[in-house]
Amino acid sequence: MTEKNDAASNSLPLEGIRVLELGNFIAAPFAARLFGDFGAEVIKIERPGGGDELRDWRKTRGETSMLFRTIGRNKKSVILDLRTPEGQDAVRKIAAHCDVVIENFRPGTLEKWGLGPEVLTELNPEVIVVRISGYGQTGPYKDRAGFGSSAESFAGLRYITGEPDRPAGRAAASMGDTVAGLYGTIGALMLMLQKAKGIQQTGPQVVDVALYEGVFSLLESLVPDYDAYGMIRQRTGGRLPGVVPTGSYSCKDELEVVIGGNSNSVFVRLMQAIGRDDLAADQTLLVTEARSLREEELNTAISTWTGERTLAEVLDELDIAGVPAGPVYDAPSIAEDRHYLARDMIQTHQVVIDGAPESIRFPGIVPKIPGHEGSVRWLGPELGEHTEEVLRDLAGLTPEQLADALPRNTRPVPQGVV
């Protein structure tokens, strides 16, 4: 657990890259955060009078949510109204000095503002434009509004999530948005790699990410299983069809453990660990389909064994046996776990919430790149904190123009991060 990452001796892989973020909420901001974590200069444009709506999400006290502090880390905040000619002109001037522009508006919005890829490429032939939207930039549904929730439903994830006798469930996090952000960053880095190899591109370099496609890509053989076997996947709670035994099991101390014993060799070790040598020696169970037919029997055997032991005892015995298992953790458990701490995945920063600084634990950087570790240099900025700096240095505004461009009710007042 660290107060600050020491980046002095660390070469950040994306130093020298400048990214312009025009998005709101999670998808585009998450993509831009990945750039910022590894050294890129990220300039986030926010609307006057409130900024990104994410600043208000899950906020029970203080002025800015911890969700925004997390996704907005390592970024500069600039207030501009993209609906005005002045704001649009300033963005064009900033984009002329950027390597990547990331947006997640509905298709056609950038074009309406005079900020489409063709315009940006004319100003900056090297710029890469990452476009994240609900249904993509083409196709019959491209003009539909789309959030991560509708994308997860349209992609099929919600249909197979939850208990079979209940309505469709969901993961309690914005998975569709973050997956799209990952794909957006990967796409931009692919084009940057092409450029580094000297492969010439003609016309706008655009990465087109649809929220639903990112989710659909994670669902493995959902459609092929339907075509090949007539299988329509249904909700199965914590189990995966055909992957047996695996799932969540209760322990004596009323805590839960997730056990994965679904490969042949691991299955044998699991059965031996729980004292069921008869099942371990049953050669017919070394076939996935056979284990599926006896799923209830196998889960009962495992549940009986875990129910007689505490979670710690279960984890210790399965670790010795070489069986993958993990506790079902909540936030306090994660924040105090020694493995999270050892890998710097829990980092403490001082944040002003109710007028005084408090120590708040935040997630660390993924992935680990030895010698080139990412860095949380600062948390999500105050609204408009970097407006004057960016408009002066990149948009070339004079002091007089800055005064006109910054209405007094939108001038930044840095206060939240120490």
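This is a predicted model: local features need pLDDT of at least 70, side-chain atom pairs count only at pLDDT 80 or more; totals for chains, interfaces and linings use all residues.
Which residues make the nonpolar surface patch of about 460 Å²? I started my notebook with that one. I found Leu-182, Tyr-183, Ile-186, Met-190 and Leu-218 in the patch.

Leu-182 sits in helix α7. Its relative accessible area came out at 40%, so Leu-182 counts as partly exposed.

Next I went looking for charge. I found a patch of negative charge on the surface, where Asp-253, Glu-254, Glu-313, Asp-316 and Asp-319 gather.

After the surface, I turned to the inside. The largest nonpolar core holds 31 residues, and Val-19, Phe-35, Val-100 and Ile-102 touch the most other members. I checked which elements supply at least two residues each: α1 (27-37), β4 (100-103), β5 (128-133), α7 (175-196), β6 (205-210) and β11 (357-363). Helix α1 gives the most, with 5 residues. I noticed α7 again here: this helix supplies core residues and also carries Leu-182 of the nonpolar surface patch.

Last, I stepped back to the whole protein. I noted 18 helices and 11 strands. The C-alpha trace spans about 85 × 50 × 45 Å along its principal axes. Of the 418 residues, 44% are buried.

Definitions and conventions:
Residues are numbered from 1 along each chain as its sequence is written. Side-chain values use heavy atoms; hydrogens and water are left out. Patches are made of residues with over 30% relative accessible area and no salt bridge: like charges are joined within 9 Å, nonpolar side chains (Val, Leu, Ile, Met, Phe, Trp, Tyr) within 5 Å. Accessible areas come from the Shrake-Rupley method with a 1.4 Å probe; for residues, only the protein chains shown count as cover. A salt bridge is a side-chain nitrogen of Lys or Arg within 4 Å of a carboxyl oxygen of Asp or Glu. Lys and Arg count as positive and Asp and Glu as negative; His and the chain ends are not counted. The place of a charge is taken as NZ of Lys, CZ of Arg, CG of Asp or CD of Glu. A nonpolar core is a set of buried Ala, Val, Leu, Ile, Met, Phe, Trp, Tyr and Cys residues joined through side-chain atoms within 4.5 Å. Buried means under 20% relative accessible area, exposed over 50%, partly exposed in between (1.4 Å probe, protein chains only). Helices (H or I, at least four residues) and strands (E, at least two) are DSSP runs, numbered from the N terminus.
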